[in-house]
There are 2 protein chains.
Amino acid sequence: MQKILDSIDAQLETSLARLFAFLRIPSISAQPAHKADCLQAANWIRDELTALGFSARLSETTGLPGVVATNHAAGPDAPHVLFYGHYDVQPADPRNLWHFDPFDPQLVDGPRGKKIVARGAVDDKGQVISFLEACRAHLAINGGLPVRLTLLLEGEEENGSPSLAELLTKEHETLAGADFVYVADTNMWDAATPAITASLRGLAAIELRIHGPNRDLHSGFFGGLALNPIQVLVDILGQLKDETGRVQIPGFYDGITPVSPGQEKAWAQLGFDSAGFLGGVGLATPAGEVDQIPLAQIWARPTAEINGIYGGYQGDGSKTVIPAHATAKLTFRLVAGQDPDKIHEKFEAFVTARLPPDARAEFTRGAAAPGYGLNPNASFLRAAQTALTEEFGKPAALIGCGASIPVVEAFKTHLGLDTLLAGFGLDDDCVHSPNEKFDLACFHRGTRAHARLLGALAAGR
Amino acid sequence: MQKILDSIDAQLETSLARLFAFLRIPSISAQPAHKADCLQAANWIRDELTALGFSARLSETTGLPGVVATNHAAGPDAPHVLFYGHYDVQPADPRNLWHFDPFDPQLVDGPRGKKIVARGAVDDKGQVISFLEACRAHLAINGGLPVRLTLLLEGEEENGSPSLAELLTKEHETLAGADFVYVADTNMWDAATPAITASLRGLAAIELRIHGPNRDLHSGFFGGLALNPIQVLVDILGQLKDETGRVQIPGFYDGITPVSPGQEKAWAQLGFDSAGFLGGVGLATPAGEVDQIPLAQIWARPTAEINGIYGGYQGDGSKTVIPAHATAKLTFRLVAGQDPDKIHEKFEAFVTARLPPDARAEFTRGAAAPGYGLNPNASFLRAAQTALTEEFGKPAALIGCGASIPVVEAFKTHLGLDTLLAGFGLDDDCVHSPNEKFDLACFHRGTRAHARLLGALAAGR
């Protein structure tokens, strides 16, 4: 392994040159004017993979093609890794806020040494090339990869992945044989601490409309005697949580594994700056369950959130009306163990049980996706921890993400595969913003960590 | 008095002819195309008053003129009545729903005898002419009126009375000397039971905006940790009333005289059909204070009503947002004894005391008008009861009105005068709707009742 790492160190300059060539292609998937650039990027990466000894091809979709590449020379007994990335980038607007041409990559000084500045530097071209350079080192030193490797590089990730399901269905035979999916499109905890994202929250969306009188009423002539559906709506939604922040829907927390003291302690040691996190948006006080630490509130605990509410008069001044109906839109963020359909049912029962006479509730169910929790005994998790600990001198933080990552759900749904989320970005990388960057040290150590991971997976460490 | 009543009976046909002439003038104040018609109606009624022996004139405003007329021949010791009415009418749209031309008045059969069908039949030309015919009978039999009488006929009542304040200010000297205002633009309790409207509810309007984070947040990344201002809004407004319907704002009911057992009994005897009233708008159950009878809920008790609410996402589907703010618009219907400004203050204190950390409340105060309660010892009330009891064989119901009548407030504010509200319309008169009508019996008995009232006022009965 040391020879492989030495090779990576020695080749850093040429690795960067290859990344810069990739970054110069403005493959903006959201803008039809850049379609030819997207196709050029797909061809460029396919040719790179072919040159590295992969069997690589474009896989056409109704949108932009995917790039599919395989190198299974390690043989049927070797672990089979499916690496996912994307060759497209976000638009670079507003251009005038960039210090350099976003498609003329620069290596400049930053607060933590050199940094690569360009659109796509970290999201996701830098992370993809970092992984490919790790493969290159294995191939250069050992003449082969220690694992069976399949790569899937999408061209529409920054545009909502409209053809991903189509691609996964079409390439099912090629992809589904993998042991797991490896996605490096995520961040480290901080510049010194690698991270594995071990949980994602799911979602159950629902709209609630309370119906009262059969038409809008004059609140002078009817007020006091007639039911007001806005009042019914706030009366019920005002009971959603108790004073400790706990959701009051019966059975809402069924099936959830509580955050363990060990987990809580590990997260506490991360030194999360909740004051800074909240301060950045004008808040100061954690508003969730009072018996949960801030990181658990956003990573590990489900929520009941009113995303929108409306009813009656909303214009200037006032109008003395009792409206016929009032509406709220809610989403529940779910964690592993909760069934989105059951959450819909339980919320509906919670509301129905609280309806006064004459009020009727109409429910419109929306998106329903379960939370995701990485199996703590997954073999790839041990290998990832081994590799990251050896590279960074400390174990990776097992972090959560309060939102969903749609590709993870897609891999689970279409291929039945779990996903290892371990990338080398940092929170200050300006992803999707002007002056996107990737610290050179992150690119470099990421490459080394990728190389170690492939070795650890093969060795079963 | 009997001679006067006999004269009214004998002259009914010519009284109707005069009313029909007035009704043929399409004096629609809201439609600029009918401005000449409005002026024609003003001139017509001025000429009628002049012919009756009044000193009558138009009083110009920035809008349509008022008509001001006086007959003070009864001398300085006679009571001084200010009669208010209006010569304008509502638009007649939709015309295709009328059975006759709305400005070609008809006398046709109805369920309770003949009825006068035309736009303005009852609102307010019929009620105005009914009063004038009572004056005509007094003048014909006795050569004079038993009271000092001032008339103010407005031309913009159906268009929101934009120039009324101007008119009251300009004519202050002429109007302010009256003992009280007499408004006949209201209804009887039913076809057999006259009514005096003894109370009106006032209004305090306020907008409440709850501010949370300094921008809209992603409910995945922030949900659970960040304050949601919609939740704060519903939590607070969900505490507005307890399970008995009582408003929970401290001091809200201060200064209110409870409905007396005698009042409650009198209202109960009216046989109000609350099931029919609510059933007409798709409801079945009184939703106000459970210890109050339905009529008290709409006439005598104050309310806290949410007229509008909005915040966050309101479009199709869902959006995972925690919004920066959420807003509710409320009006409080007030009864006599409550101070609108104090209600604003108490609501603000109620909200402020319930704000969680990081939440900020912004209040925008709107309209503020006190409730109106007729002094039960007012001399004109006794005379009105005498007149109505003698005409209808039963005392007038002392009823309330859940809404405000702006002119009553204007007379109180600008002239310091109380108002006697006693008219002869019925609930099925289709006011503001196609096929507006005035029962001939109501017009006729109303004229007789007006004549009796003038006599009773003069006699101090």
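How many bridges join strand 8 of chain B to strand 16 of chain B, and do these strands run parallel or antiparallel? The first legend takes that up; keep in mind throughout that this is a predicted model.

**View 1. Strand 8 of chain B and its two partner strands.** The answer is 5 bridges to strand 16 (residues 397–401) of chain B, with the two strands running parallel. Look for L200(B), whose bridge partner in strand 16 of chain B is C401(B). Strand 8 of chain B also pairs with strand 15 (residues 372–373) of chain B, this time antiparallel and through 2 bridges. L200(B) turns up here too, with Y372(B) as its bridge partner in strand 15 of chain B.

**View 2. Strands 8 and 16 in chain A.** Over in chain A, strand 8 (residues 195–200) and strand 16 pair in the parallel sense, over 5 bridges. Zoom in on L200(A) and you'll find C401(A) as its bridge partner in strand 16 of chain A. Strand 16 (residues 397–401) of chain A is largely enclosed by the rest of the structure, because 4 of its 5 residues are buried.

**View 3. An aromatic pair between two strands of chain B.** Here are F83(B) and Y182(B), with ring centres 5.7 Å apart and planes at 85°; that angle is over 60 degrees, so the pair is edge-to-face. The pair links distant parts of the chain: F83(B) belongs to strand 3 (residues 80–86) of chain B and Y182(B) to strand 7 (residues 180–183) of chain B, 99 residues apart. Buried or exposed, then, for F83(B)? F83(B) counts as buried because its relative accessibility is 1%. Y182(B) is buried as well, at a relative accessible area of 2%.

View 4. Counting over all chains, the structure holds 34 aromatic pairs. One of them is F252(A) with Y253(A), edge-to-face at 5.1 Å centre to centre and with 90° between the planes. Both F252(A) and Y253(A) are buried. Another stop is the aromatic cluster formed by W189(A), W267(A), F272(A), F277(A), W299(A) and F222(B).

**View 5. Charges over rings.** Two spots are worth a look here. In chain A, K125(A) lies over the face of F22(A), 5.0 Å from the ring centre. In chain B, the charged end of R246(B) sits over the ring of Y253(B), at 4.1 Å from its centre.

**View 6. The largest cavity and its lining.** The cavity count comes to 3 at 30 Å³ or more. Which residues line the largest cavity? The lining is made up of Y182(A), A384(A), A387(A), L388(A), A422(A), F424(A), A449(A), H450(A) and L453(A). The elements giving two or more residues to that lining are helix 12 (379–392) and helix 14 (440–459) of chain A. As for volume, the largest cavity has about 50 Å³.

Terms used:
Residues are numbered from 1 along each chain as its sequence is written. Chains are lettered from A and ligands numbered from 1 in the order in which they are written. This is a predicted model: local features need pLDDT of at least 70, side-chain atom pairs count only at pLDDT 80 or more; totals for chains, interfaces and linings use all residues. Side-chain values use heavy atoms; hydrogens and water are left out. Rings of Phe, Tyr and Trp (its six-membered ring) pair if their centres lie within 6.5 Å; planes under 30 degrees apart count as stacked, over 60 as edge-to-face and the rest as tilted. Buried means under 20% relative accessible area, exposed over 50%, partly exposed in between (1.4 Å probe, protein chains only). A charge sits over a ring if NZ of Lys or CZ of Arg is within 6 Å of the ring centre and within 35 degrees of the ring normal. Two strands pair if DSSP finds at least two bridges between them. On a 1 Å grid over the protein atoms alone, a cavity is a set of points where a 1.4 Å probe fits but cannot get out, and a pocket is an open set with protein on both sides within 12 Å along at least five of seven lines; lining residues have an atom within 4 Å of a point. Grid points are joined across faces, edges and corners, and a volume is the space filled by probe spheres set on the points.
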